[in-house]
Amino acid sequence: MATKPPKGDPVQDAPQVAEPKHAAAGLPAIGHTLRIAQQQMGVKRTALTLLRVNQKDGFDCPGCAWPEPDHRHKAEFCENGAKAVAEEATLRRVTPEFFAAHSVADLATRSGYWLGQQGRLTHPMHLAEGGDHYEPVSWERAFDIIAEEISALGSPDEAVFYTSGRTSNEAAFLYQLFARELGTNNLPDCSNMCHESSGSALSETIGIGKGSVLLEDLYKADLIVVAGQNPGTNHPRMLSALEKAKANGARIISINPLPEAGLERFKNPQTPQGMLKGAALTDLFLQIRIGGDQALFRLLNKLVLETEGAVDEEFVREHTHGYEEFAEAARSADWDETLEATGLSRAEIEQALGMVLASERTIVCWAMGLTQHKHAVPTIREVVNFLLLRGNIGRPGAGVCPVRGHSNVQGDRTMGIFERPAPAFLDALEKEFGFAPPREHGFDVVRAIRALRDGEAKVFFAMGGNFVSASPDTDVTEAAMRRARLTVHVSTKLNRSHVVTGARALILPTLGRTERDLQAGPNGKSTEQFVTVEDSMGMVHASRGRLAPASPQLLSEPAIVCRLARRVLGADSKVPWEEFERDYATIRDRIARVIPGFEDFNARVARPGGFTLPHAPRDERRFPTATGKANFTAAPVEYPKLPEGRLLLQTLRSHDQYNTTIYGLDDRYRGITNGRRVVLVNPEDARALGVTDGSYVDLVSEWRDGVERRAPGFRVVHYPTTRGCAAAYYPETNVLVPLDATADTSNTPASKSVVVRLESALEGRPEARPEARLEQSATD
């Protein structure tokens, strides 16, 4: 059933399938890490580079945002972190000669995997209006082109400034400063697509949209609940923290529709015993139906309320608001409805309750499995209710732990990358820089796509990321991008977004985290700069690259923003952009005066390991909400209802993937090798639907707008997922997620609860032809 891809592009729809693994990491992870790293970097470069990852005097891993312990191993990285570093520090290069040999139309037929494997971008490139090839362009001309298009806009709000999570604090601060001096709050970012639901729920309930725990709290916890998260692939270093917590006596409940190898057993590659035997992590696995988490936590809250002495009455009385309304709603939770919503048994829920009641210090960790549903925000509010009931916020070893994905995605938001900025932040900007920032809210990701689609936005500028592949409703997103007058991407490597362009397009190559950043001072002498990042738990620390840049043509992200601002804003700008480009310490001085918690920034970040940002609920049990207390909330229980003959699809990553970056074509822990176009289906569901293991189907999503969205040519894999649920990799399945199917309040795409039907790929439709399936596979 395999199809022939474009020359040099491997087949992706004919995988080999084996039994899923029941342990993560260990010797296979070491072998895979070294193989990938040496292929990209060579032996010497691999050793020199990997030993600096996440070290106090090294660079922050460009992968996930999991924090580092104070005492660090010499190999303080995971398999996927090593893959991210290898792809950035690769010896492969994408030069102007590459673009001369490949038209944009040719590159559009290539898979995202193939594009990413070509290597590092070396020169600024321009696609002229009506052109078919990117051509090299000087930096000066590139900034002129951007200035031409921006000056032609009817309003600054016709420009969109997107940000990826890998952008440093310094670059993010400058980027939002430029956009706001220009006159717009159109600052969508990748948070809009992942943890926006967490921020919305936590801001309302505890007063700050971040987690309340530090790494040390995991080691002190009695109970850790991991819900809607797969640490073994998405945050592998978290497994070391869970292993240490288990050794200290913690118990772990895992809540997920799929069994995940990393949460079953972790074979720590940093110890001999770990590699050989490993540690069992999960004490209770609740294999929940997709979207049933709110119902589960609501029932647990009811059962806690009904247990004498279980509620921390002093904490509730002194520190919370809205308890009575919440309690009334919780007491109405229904066992039958909960069992239907979750697919769990009464015995499983009662076992979980026993573990909850036995714990004095409980942490709940979660990720996209909770945040990407229509009812994601009420679900996370219910998690907060669960913790508040027993006083598990503002206590060592307890709290909320939303596990952020991309490195510094949390720091970007702290720096002001937000389309709905707080008035106090804008006031501080105005006081510091002497201009009046716009107050009207801007576009988030979904609204930006609509604006581009409808002609309300005409310039799209992306600071990192792969917007086209990361966004929902692929066909709509691509059509929207093509309506733009100009699309600009600041990037280190090729991706799909570079071949879905506006009338004109620019690719601006930038330094990676691994590379040395030298900036010329006023006397012409170059001085080495460093940047900073904030991890998932509010720790801020320095990141210093040491490799020579991939090309002398590269500019750092702060330098790109500063030069862009000088060209677009001109002499009237009130911001000292030249000074900021020369010396990043001057940026940090301004951050210190604008953003609370960053006082004396330069001195504090100079300390090895950096510093912790304040968090009032954790540090003082003070809750900066509208009521001045932590807020209990009450909302109707929601969960997806499935029509007959349909499945609820969740999109997810493979193990050889980080966000939209595909490192390889294997998902080792799930038993999938040499392919990505698979759909994981419970064998009983497959039999009921008449699809056999190994057969090929088209995935067709159904939503209230009546539009048929189709992802063709997926191999069915019988897999132990929850009945009624299915799973497949993104970005291949983003085409199935309707643009308007979003979470209430947060507007996050509901990528974890897509109603689909499976149709045979051999029914004679044009989409079922091998060449059509190939085209779809290549463009995904």
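Visitor: What should I know before reading the values?

Guide: Residues are numbered from 1 along each chain as its sequence is written, and side-chain values use heavy atoms, with hydrogens and water left out. In this predicted model, local features need pLDDT of at least 70 and side-chain atom pairs count only at pLDDT 80 or more, while totals for chains, interfaces and linings use all residues.

Visitor: Why is phenylalanine 601 called buried?

Guide: Buried means under 20% relative accessible area, exposed over 50%, and partly exposed in between (1.4 Å probe, protein chains only). Phenylalanine 601 has 1% relative accessibility, so it counts as buried.

Visitor: What does phenylalanine 601 touch, leaving out residues up to four places away in sequence?

Guide: Its contacts (heavy atoms within 4.5 Å) include Glu170, Thr532 and Phe611.

Visitor: What makes glutamate 196 and arginine 420 a salt bridge?

Guide: The term requires a side-chain nitrogen of Lys or Arg within 4 Å of a carboxyl oxygen of Asp or Glu. For this pair the N to O distance is 3.9 Å, so the pair meets the definition. Glutamate 196 lies in helix H9 and arginine 420 in the loop between helices H22 and H23, so the bridge ties together parts that are 224 residues apart in sequence. Helices (H or I, at least four residues) and strands (E, at least two) are DSSP runs, numbered from the N terminus.

Visitor: Are these two partners buried or partly exposed?

Guide: Glutamate 196, at 3%, is buried; arginine 420, at 29%, counts as partly exposed.

Visitor: How do you know that lysine 210 and glutamate 534 form a salt bridge?

Guide: Their side chains meet at 2.8 Å, N to O. Lysine 210 is buried at 18%, and glutamate 534 is buried at 1%.

Visitor: How many salt bridges does the structure hold?

Guide: It holds 58.

Visitor: Why are strands E6 and E7 said to stand at the edges?

Guide: The open sheet has 6 strands in the order E6-E5-E18-E17-E16-E7, with mixed pairing. E6 and E7 each have a single partner strand, so one side of each is left without a neighbour in the sheet.

Visitor: What makes E17 and E18 a pair?

Guide: Two strands pair if DSSP finds at least two bridges between them. E17 and E18 run parallel and are joined by 6 bridges, so they count as paired.
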